[in-house]
Amino acid sequence: MTNDTAPMDWTLEVVILPVSDIERSVAFYRDQVGFDLDHDTTNEFMHVVQLTPRGSGCSIVFGDLPSQRQMTPGSMKGLQLVVADARRARDELLSRGVACSDVMVFDESDGGTFFGFDDPDGNSWAVQELRVRGERPLIPVDHRGRFGAGG
């Protein structure tokens, strides 16, 4: 039973990412960055791909539908990922061939450490260290999986 007087939850679950080459972008985000491939759907009308960063409730989607082609490839700037250990995350990306900026500490408190990287089109990502995510993941491991079904 729902409470019709309670405010509605609004969850951001998909961000459309403008890319120029779908296959190259799948390879980058899946094989180099390590996102999970949720689906890669091709038919006579479209080619659409969805990938999700491990532990995230929000996915990226790209493809060749008209609405996905309205943005210029590489025009998304400052998308932000959060990790428990920025140096370890950066080393992981570097080992997979992803060029990354140096780790910068703006503030010694939790949340003040960052690095960044760009995808092949120039869409840019900031990676923020929140050590608390190592202790308390945003989405608990037993609640992960497609549509929160676990696994």
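In what order do the elements of the protein run from the N terminus on? The order is β-α-β-β-β-β-α-β-β-β-α, which comes to three helices and eight strands, where helices (H or I, at least four residues) and strands (E, at least two) are DSSP runs numbered from the N terminus. The model is predicted, so that local features need pLDDT of at least 70 and side-chain atom pairs count only at pLDDT 80 or more, whereas totals for chains, interfaces and linings use all residues. Residues are numbered from 1 along each chain as its sequence is written, and side-chain values use heavy atoms, with hydrogens and water left out.

Of the 151 residues of the protein, 35% count as buried, a term that denotes under 20% relative accessible area, with exposed denoting over 50% and partly exposed the range in between (1.4 Å probe, protein chains only).

Helix α2 spans residues 86-95, and within this helix Ala86, Ala89, Arg90 and Leu93 are buried. Seen down the axis of α2, these buried residues fall within an arc of 100°, so they line one face of the helix, the arc being that of the directions from the helix axis to the C-beta atoms. The buried residues of α2 pack against α1 (22-33), β5 (79-83), β7 (113-118) and β8 (124-129), with contact taken as heavy atoms within 4.5 Å. On the face of α2 turned away from its buried side, Arg88 and Ser95 are exposed.

Just after α2, Gly97 takes a positive phi of about 85°.
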